[in-house]
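Dear colleague,

Please find the structure below, together with its sequence. My notes on it follow, and I would be grateful if you could read them alongside the coordinates.

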Amino acid sequence: MRTGFFYSLVFALLTSVSTVAISAPAVKAETGNAPLMQEVSPKAQGGKIDLNGADAPTLQRELSGIGEAKAKAIVAYRETNGPFASVDELLEVKGIGKAILDRNREKLEVN
């Protein structure tokens, strides 16, 4: 009789432990997925984009109306003619008009 009672207790204990283990959510450790370095775009303290320091993907991503071709044209103009002296000099870049400049003027600066 004692043996039967003991086995019943062991069975109940193992059943409850296995039920808890199955119903518990699995926690997966995120190893290797965390970035080691955070990429920082060339923006100034005020959140503005520096025309003389920004690369083409940053210009394309941050400026309204600037696609891949215009962003590359801005970088090519800067490499050919030297750094921009003012934001208004952006009008000299082929494909950049007054409307695009006015739309993005608050986002741009020249350092």
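**Overall architecture**

Read from one end of the sequence to the other, the protein follows the pattern α-β-α-α-α-β. Its secondary structure comes to 4 helices and 2 strands; helices (H or I, at least four residues) and strands (E, at least two) are DSSP runs, numbered from the N terminus.

Two remarks on conventions are needed. This is a predicted model, in which local features need pLDDT of at least 70 and side-chain atom pairs count only at pLDDT 80 or more, while totals for chains, interfaces and linings use all residues. Residues are numbered from 1 along each chain as its sequence is written, and side-chain values use heavy atoms, with hydrogens and water left out.

Of the 111 residues of the protein, 24% count as buried (buried is under 20% relative accessible area, exposed over 50%, and partly exposed in between, with a 1.4 Å probe and protein chains only). The accessible surface comes to about 8300 Å², and 59% of it belongs to carbon and sulfur atoms; these areas come from the Shrake-Rupley method with a 1.4 Å probe, and for residues only the protein chains shown count as cover. Among contacts (heavy atoms within 4.5 Å) between residues at least 6 apart in sequence, 43% join residues at least 24 apart.

**The nonpolar core**

The largest nonpolar core holds 19 residues, of which L59, I74, L90 and L108 touch the most other members. Such a core is a set of buried Ala, Val, Leu, Ile, Met, Phe, Trp, Tyr and Cys residues joined through side-chain atoms within 4.5 Å. Helix 2 (56-62), helix 3 (68-81) and helix 4 (98-104) each supply at least two residues of this core, and helix 3 gives the largest share, 4 residues.

Leaving aside residues up to four places away in sequence, L59 touches I49, L51, A54, I66, A71, I74 and V75. With the same exclusion, L108 touches K48, I49, L51, L63, V87, L90 and L101. L108 is found in strand 2 (residues 108-109) and counts as buried because its relative accessibility is 3%. The C-alpha atoms of L108 and K48 are separated by 5.3 Å, although these residues are 60 apart along the chain.

**Salt bridges**

The model contains 5 salt bridges, each defined as a side-chain nitrogen of Lys or Arg within 4 Å of a carboxyl oxygen of Asp or Glu.

One of them joins K72 and E68, with the closest N and O atoms 3.0 Å apart. Both residues lie in helix 3, 4 residues apart, which is about one turn of the helix. K72 is partly exposed at 48% relative accessible area, and E68 is likewise partly exposed at 47%.

Another links R105 to D88, where the closest N and O atoms are 2.8 Å apart. R105 lies in the loop between helix 4 and strand 2 and D88 in the loop between helix 3 and helix 4, so this pair ties together parts that are 17 residues apart in sequence. Both partners are partly exposed, R105 with a relative accessible area of 29% and D88 with 41%.

K98 counts as exposed at 56% relative accessibility, whereas D102 is partly exposed at 40%. Salt bridges that share partners join D88, K98, D102 and R105 into one network. Within that group, K98 and D88 are 10 residues apart in sequence and 9.0 Å apart in space, C-alpha to C-alpha.

**A buried aspartate**

The nearest side chain of opposite charge, R78, is 6.9 Å away; Lys and Arg count as positive and Asp and Glu as negative, while His and the chain ends are not counted. A polar atom of the D50 side chain lies 3.2 Å from the backbone nitrogen of N52. The backbone nitrogen of N111 likewise lies 3.1 Å from a polar atom of the D50 side chain.

With kind regards

How values were computed
Polar contact = N/O pair within 3.5 Å; in protein donor to acceptor, adjacent residues only side chain to side chain.
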